[in-house]
Amino acid sequence: MKTLVVVDHNNNKLDKSTLNTIKAAIQLENVDLLVLSDSCKDICNELINIKNINNIFINENDEFKNQLAEDSANFIAENFKDYTNILFSNTSNGKNIAPRLAGLLDTMIIPDVIEIVDKQTFKRPIYAGNAIATCKSKNKINIITIRATAFEEAEIGDENVGKIQEIGSLTTKNLTKYLNSELTKSERPELTSADIVVSGGRGLGSAENFQILEKLADKLGAAMGASRAAVDAGYVPNDWQVGQTGKIVAPNLYIAVGISGAIQHLAGMKDSKVIIGINKDEEAPIFSISDYGLAEDLFKAVPEMESKLN
Amino acid sequence: MKILVPVKRVVDYNVKVRVKKDETDVELDNVKMSMNPFDEIAVEEALRLKEKGVASEIIAVSIGLPEVQETIRNALAMGADSGIFVNCTSKLEPLSVAKILTSICNKIKPDLVIMGKQAIDDDMNATGQMLSAMLNWGQATFASKLEIQDKKIKVGREIDGGIENIEVNLPAIVTTDLRLNEPRYASLPNIMKAKRKPIDEMKAEDLNIDIEPRLEILKVEEPKSREAGIMVKSVDEMIEKLKNEAKVI
């Protein structure tokens, strides 16, 4: 039995979710890692001290710079079809590549896994997190994506554990061409790995009003999030969206402001350690899962909170 | 240009889904069913391409029990030209759906397949990518913007941290994200008109495809619930609790 973790990264840095995915993979035994990039060195340096891994396979190729699903999936299918498990983080890269790989290998993907029950049995949320399904796999190869917030991070030691080895060669089919990216520039921490998240909903009423939340977030060193309603209303960019159709977060503190608490949203943040809700409607469902609720006008409460924090 | 739009019949997104007492599935009896919202976005995008004169024909396909023909009729009422109903009584996974769609694509040869990025029942996010793998076509997942130029399609994709723009050779698969468009409602005259549009029927078993499920569902249970905490009376009390009780700031 061999398990491969396909490392998610941006060519410079490891995506932190990979550490959670490796932790999950360790439950399945014999873990090797795969880095596909135009520049593998820095990423390998972050991986080499991780405990309980064997090989770090790399293939350095300019074509991998933009992690196009067609190339990555073909490469993995050609070089790793003798593996029992191939794991990805359930990030936009993982969600793009893993199902394509499953299609190539004629195997049914097991996405968004939150618990590994045994080597063939996995739990995953369905219906926007309203139910949890336990699935037993009859696949010959399990292709799995891991929900990072459901697993701890893999431990990092002092010794160099992973043995770096080059593998394979890519023949690109040029089906797809990368053009460019429009990344949201932000000084704030990354939403899915932030310690504190400040999230706003339709209650904010406009894009301008989100500034009062951003002030609070900056005071706390927090990431900004939003409900789908706020995104749909055009107040904030889509990559702020927390919920079943957006990001899944589990920070130490989640501050939900002007968010009613639709099930769709709760599915994305209910595993946060501490949740506070601020909403003028005291019947809002957000209070039913908040550790601390404050039924007050957000336009009064948020600036007050911001001014009283130091 | 011919566009194929696969549509799935799912529990309506407004329904509060409940787990069955015997924990075998969620309650589906007497529950309102609708077209998967991401598939509605796919139909709408196909219609817009037709209205721009880029597409000439839109075919909606659905696979399952006879009821899924209602979902095809919805797509026809929105404006699709014709439908394909694949009659299938067994339980379907994305892998099987992708295989059936592959066989349909080989038969009708669309230039573009637009489909939802995921269905809101099993939340798999897999069929589009699997289909493109099987057809060896390019894929543009999580589309929030698209434009056809010549034999290529330019797509803005929603990724972690922003938008990625890619260009894919046609034929290609596009999966839709929320912000691509706002689907139209079918007008009454169009609902009437849709009744006369043709739906081709075929049987999944005639396609000679292995559609045996690979995942056995052992159990469907309620997620762990989270207890409600307390209501505080003021911002001062909130800050005090966060600092001294929860110790998170």
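This is a predicted model: local features need pLDDT of at least 70, side-chain atom pairs count only at pLDDT 80 or more; totals for chains, interfaces and linings use all residues.

**Entry 1: two helices in chain A.** I began with helix 5 (residues 210–220) and helix 8 (residues 298–308) of chain A, which pack at an angle of about 25° with their axes 9 Å apart. Helices here are DSSP runs of H or I with at least four residues, strands are runs of E with at least two, and both are numbered from the N terminus. For the geometry, axes are lines fitted to C-alpha atoms, for helices over the stretch in contact, and angles run from 0 to 180 degrees between N-to-C directions. The angle makes helix 5 of chain A roughly parallel to helix 8 of chain A; my note on wording is that under 35 degrees counts as roughly parallel, over 145 as roughly antiparallel, 65 to 115 as roughly perpendicular and the rest as oblique. Their crossing is left-handed, meaning that the near helix is turned anticlockwise from the far one by less than a right angle, while clockwise would be right-handed.

I then listed who touches whom. Helix 5 of chain A brings Ile212(A), Leu213(A), Lys215(A), Leu216(A) and Lys219(A), and helix 8 of chain A brings Val302(A), Pro303(A), Met305(A) and Glu306(A). Contact means C-beta atoms, placed from the backbone, within 7 Å. By class, this contact of helix 5 with helix 8 of chain A has six nonpolar, no polar and three charged residues. The classes are Ala, Val, Leu, Ile, Met, Phe, Trp, Tyr, Cys and Pro as nonpolar, Asp, Glu, Lys and Arg as charged, and the others, Gly among them, as polar.

**Entry 2: ground rules.** Residues are numbered from 1 along each chain as its sequence is written, with chains lettered from A and ligands numbered from 1 in the order in which they are written.

**Entry 3: chain A as a whole.** I counted eight helices and 16 strands in chain A. Its radius of gyration is 21 Å, close to the 19 Å that the globule rule gives for 310 residues, so chain A is as compact as a globular protein of that length. That radius is taken over C-alpha atoms, and the rule is 2.2 Å times the number of residues to the power 0.38. Buried residues make up 58% of chain A; buried means 20 or more other C-beta atoms within 10 Å of a residue's own, exposed 12 or fewer, and partly exposed in between, with C-beta atoms placed from the backbone.

I looked at helix 3 (residues 69–79) of chain A next and found eight of its eleven residues buried. Among them are Ala69(A), Phe75(A) and Ile76(A), but also Glu70(A) and Asp71(A).

**Entry 4: Asn90(A).** Is Asn90(A) buried or exposed? Asn90(A) is buried, with 27 other C-beta atoms within 10 Å. I found Asn90(A) in the loop between strand 4 (85–89) and helix 4 (92–104) of chain A. Leaving out residues up to four places away in sequence, Asn90(A) touches Lys95(A), Pro111(A), Asp112(A), Thr145(A), Ile146(A) and Arg147(A).

**Entry 5: where the chains meet.** I found 61 residues of chain B in contact with 67 residues of chain A. Strand 9 of chain B gives the largest share of the chain B side, eight residues. That side has 33 nonpolar, twelve polar and 16 charged residues.

Helix 8 of chain A turned up again here, packing with helix 6 of chain B at about 50°, with axes 10 Å apart. The two helices are therefore oblique to each other, and their crossing is right-handed. Ala301(A), Glu304(A), Met305(A) and Lys308(A) meet Val235(B), Met238(B) and Ile239(B).

Entry 6: Most residues other than glycine have a negative phi, and most peptide bonds are trans. I noted a cis peptide bond between Leu170(B) and Pro171(B), with omega about 0°. Glu23(B) has a positive phi near 55° and is partly exposed. Asn208(B) also has phi near 55°, and counts as exposed with 7 C-beta neighbours inside 10 Å.

Definitions and conventions: Two residues are in contact if their C-beta atoms, placed from the backbone, lie within 7 Å.
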